[in-house]
Amino acid sequence: MSDKDVPGFEPYDGPAGGWGALGAVARALSGQMAIARESIALHKVNQPQGFDCPGCAWPDPKETSSFEFCENGAKAVSWEATAKRVKPEFFATNKVADLWNLTDYTLEGLGRLTHPLVYDHASDTYQPIGWDAAFERIGAALRALPDPDMAEFYTSGRASNEAAFLYQLFVREFGTNNFPDCSNMCHEATSVGLPQSLGSGKGTVTLDDFEHCDAIFCIGHNPGTNHPRMLSTLREASLRGVPIVVLNPLPERGLERFTSPQHPVEMITNRSVRIASTYYKLKIGGDVAVLKGMMKYLLVEDAKALAEGMPGVVDHDFIEANTSGFDALVADVEATEWHAIERKSGLTRAEIEHAAGIYARASKVIVCYGMGITQHAHGTENVQQIANLLLMRGNIGREGAGICPLRGHSNVQGDRTVGITEKPNAALNEGIRKTYGFEPPVEHGHDAVAAVIAIREGRSKALVALGGNLAVAMPDTEETFAAMRGLDLAVHIATKLNRSHLIIAKESLILPCLGRTELDEQATGPQAVTVEDSMSMVHASAGTLTPASEHLRSEPWIVRGIANATLPDTKVDWDRLVGDYNLIRDDIEKVFPIFYDFNKRVNVPGGFRLRVAASERAWDTPDKRAQFLIARGLDEDEPLGDDDLMLTTIRSHDQYNTTIYGLNDRYRGVTGRRDVIFMHEKDLAARGLRQGDRIDVFATGVNVADGKERAVRGFTAVAFDIAEGSVAMYYPEGNALIALESHDRRSGTPAYKSVPVRIVASTLPADPRDKRKASHAVA
Ligand SMILES: Nc1nc2c(c(=O)[nH]1)N[C@H]1C(S)=C(S)[C@@H](COP(=O)(O)OP(=O)(O)OC[C@H]3O[C@@H](n4cnc5c(=O)[nH]c(N)nc54)[C@H](O)[C@@H]3O)O[C@H]1N2
Ligand SMILES: Nc1nc2c(c(=O)[nH]1)N[C@H]1C(S)=C(S)[C@@H](COP(=O)(O)OP(=O)(O)OC[C@H]3O[C@@H](n4cnc5c(=O)[nH]c(N)nc54)[C@H](O)[C@@H]3O)O[C@H]1N2
Ligand SMILES: [Mo]
């Protein structure tokens, strides 16, 4: 059977970027935007005077002189600045039961929300409501809870620092630390793992470091799709001759070659620049094995060099002066056998030693990583092994070297910095006490998994969501949906309609807010907000577009409204703060001294960098030294049954998390569908399957330990150059296979990237020409 026989699948030979990217932008724009809005908006993205791109958290170059082209940034902007609207008339004629049958793609594609809405049980419709009436209902429902800990306050990482700061302040004055947050599903393994290793929970590099490094490792992330502006950085490094080593079970085109739309000659001559110098297709969950193998090689080479009277390969002076735990790490690494490393990683010893050789010969190394590392049952340990590898050669805290976690949402890192955390430390609590004179709750609250479990068990009865699409983003689609139907109150502050809004509680409200592209006018005039990128740079963002509707309000204004209605004796002057966001920033500085001179420093184009102590080799750990921390064994995940495969759930090129912009995944050769599963030819053959066959996927192991069947059915298999034993499908289609209990015990991060599955021919009729629309594939 040839590739052509699968409708909508045809391997893509081109580079990342290039003309394909330009074409995709044109299509995204023509579908969503009025021409006038488009030309204004795109020229203001990531400019010193404009708004921060609502796409990814990759930093901007210091001088953004020309419009920095990014296909997926353009999609994110046009998706928000769309001319489409979903108005009360639409809701009046479409019952929620009917909306439920629309796909996620269609739901958000309806356009921007225009009015505050409240759900009416009698007619099964959402109906318009005034802002004050909405706040009163929310306040009354929250005050009626027997205990503030029975409410969950979710944040998605689009919220600005100002909105997130006010939100956490309100929630703490209300009396709980229940802060489920999108970063709990994302880089929580980093936020837990790195403070233990390095004393700082953030990346240690800046964009400048990429100009000075002499090797880059990219582990478990896909920048061509998720951080496209990073390709320009990698391209520059490649042209400088810097080796770029990739560890990824899939051949991601953006990590292979790139044609920069910023470079006319490259475009006209159709030339591309190679990105990876070496690409290792390891098995899903094989990262710890590779990292230990690399460390093993370093130790052997070190001993050899020292015996010959040469300088060691390991930086003993650095280790002596800066770290603890090295001897224990050596013992662990030496005890790990090569045959186990090879089996677990799917790579040969020679391949791993080659990678380690590149690492050893480079004097300044940056390791970048993403969800391929964090979303495993042992995600925290994975992150810590990367830190170990870097510490071994003193690759932290000096120019051109360091650790670079690629954050998700454009302000997910900032939201955490300004207090969105279920585990507040003493300094945060003291800052609030001192600034506002109320006693914040000190007992730890719920993260995302704990919140959904509390809702499932009826211990939590209210959910307020500052953005996001919690129900669809979480594992265990069916159980999460069912749990949320048991809520007394569900409030969604959102720009666009999504499935979480259709999971109806006793009382359900949708509060439509301004997006980042839009003008935010308050009592003292137009306001700017601030965001923090993946490299701890804080800068201002000011929207310029006319709001999508006159009824939209900013997130800070909405939080103010909820706070005033919920807390009759509040100690915070909410109206004053929201009238002038400079005052919010003054308060952020009072609670978090790291923001000293906030308003002054953020007024400089490009903003300022928040201090990351580890970048200066100041180790904020109990013994004030960086720690080598051991991961027991090589298992990142639960063991796999004999006939099982390991499934990973990934993003297509046409999606932003649960937002589906389109049904294509250009670089992986998929057009017009999302119901595919990428498999190695041999894994197909071993099951008597061929490309194009329809298959059913059954969860096994940890995900069915509770005795419940979890399955998705009727997906089409495509033969792909993925590591053997590893299979991939899209998120959120795969979420129905993952139990809430399948998460990293230390950080709570769901194991979205390691789902043991059994794959069999589908019981549904075989019909490869059936181009089903991407449905919300709940079995
Ligand atoms: N356009 C766009 N931009 C985005 C997003 C989006 O959805 N669309 N999402 C944003 C968010 S919230 C986030 S968190 C980031 C996500 O950015 P990424 O971390 O790039 O996210 P994923 O698509 O989940 O891709 C993870 C990569 O890990 C690989 N992988 C899977 N399992 C393993 C493994 O076991 N080991 C290794 N080494 N690799 C593995 C996959 O093949 C894939 O290439 O992007 C942000 N930016
Ligand atoms: N299987 C699987 N599941 C995953 C992942 C995975 O890799 N695999 N990744 C996980 C990760 S890394 C993350 S971060 C989560 C994402 O989880 P979320 O952050 O909860 O999800 P998003 O899809 O980003 O949220 C989209 C919604 O945000 C709203 N929105 C957009 N812009 C704004 C705004 O400016 N303000 C407000 N108030 N609302 C806005 C819109 O209504 C839109 O429908 O998903 C997680 N789930
Ligand atoms: Mo994320």
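**Exercise 1.** Which residue has a polar side-chain atom 2.6 Å from a nitrogen atom of ligand 2? Find the residue, then describe the surroundings of ligand 2.

*Solution.* Before we start, note that this is a predicted model: local features need pLDDT of at least 70, side-chain atom pairs count only at pLDDT 80 or more, and totals for chains, interfaces and linings use all residues. Residues are numbered from 1 along each chain as its sequence is written, chains are lettered from A and ligands numbered from 1 in the order in which they are written, and side-chain values use heavy atoms, without hydrogens and water.

Step 1. The residue is Asn735, with its polar side-chain atom 2.6 Å from a ligand 2 nitrogen. This is a polar contact (a pair of N or O atoms within 3.5 Å).

Step 2. Thr495 places a polar side-chain atom 3.3 Å away from one, and Ile493 has a polar backbone atom at 3.0 Å.

Step 3. Check the cover: ligand 2 taken alone exposes 930 Å², and the protein buries 97% of that (Shrake-Rupley method, 1.4 Å probe).

Step 4. List the shell, meaning residues with a heavy atom within 4 Å of the ligand. There are 32 of them around ligand 2, and Tyr154, Glu555, Thr658, Tyr731 and Asn735 come nearest.

Step 5. Sort the shell by class: 13 nonpolar, 13 polar and six charged residues. Here Ala, Val, Leu, Ile, Met, Phe, Trp, Tyr, Cys and Pro count as nonpolar, Asp, Glu, Lys and Arg as charged, and the others, Gly among them, as polar.

**Exercise 2.** Between which domains does ligand 1 lie? Work towards the answer from its contacts.

*Solution.* 

Step 1. Begin with the backbone. An N or O backbone atom of Asn226 is 2.9 Å from a nitrogen atom of ligand 1, while one of Met371 is 2.9 Å from an oxygen atom of the ligand.

Step 2. Now the shell. Ligand 1 is surrounded by 32 residues, with Asn248, Glu252, Asp287, Gln655 and Asn657 the closest. By class, eleven are nonpolar, 17 polar and four charged.

Step 3. Finish with the domains, whose bounds come from an automatic or database assignment. Because domain 2 (188-405) and domain 3 (645-761) both give residues to the shell, ligand 1 lies between them.

Conventions: Polar contact = N/O pair within 3.5 Å; in protein donor to acceptor, adjacent residues only side chain to side chain.
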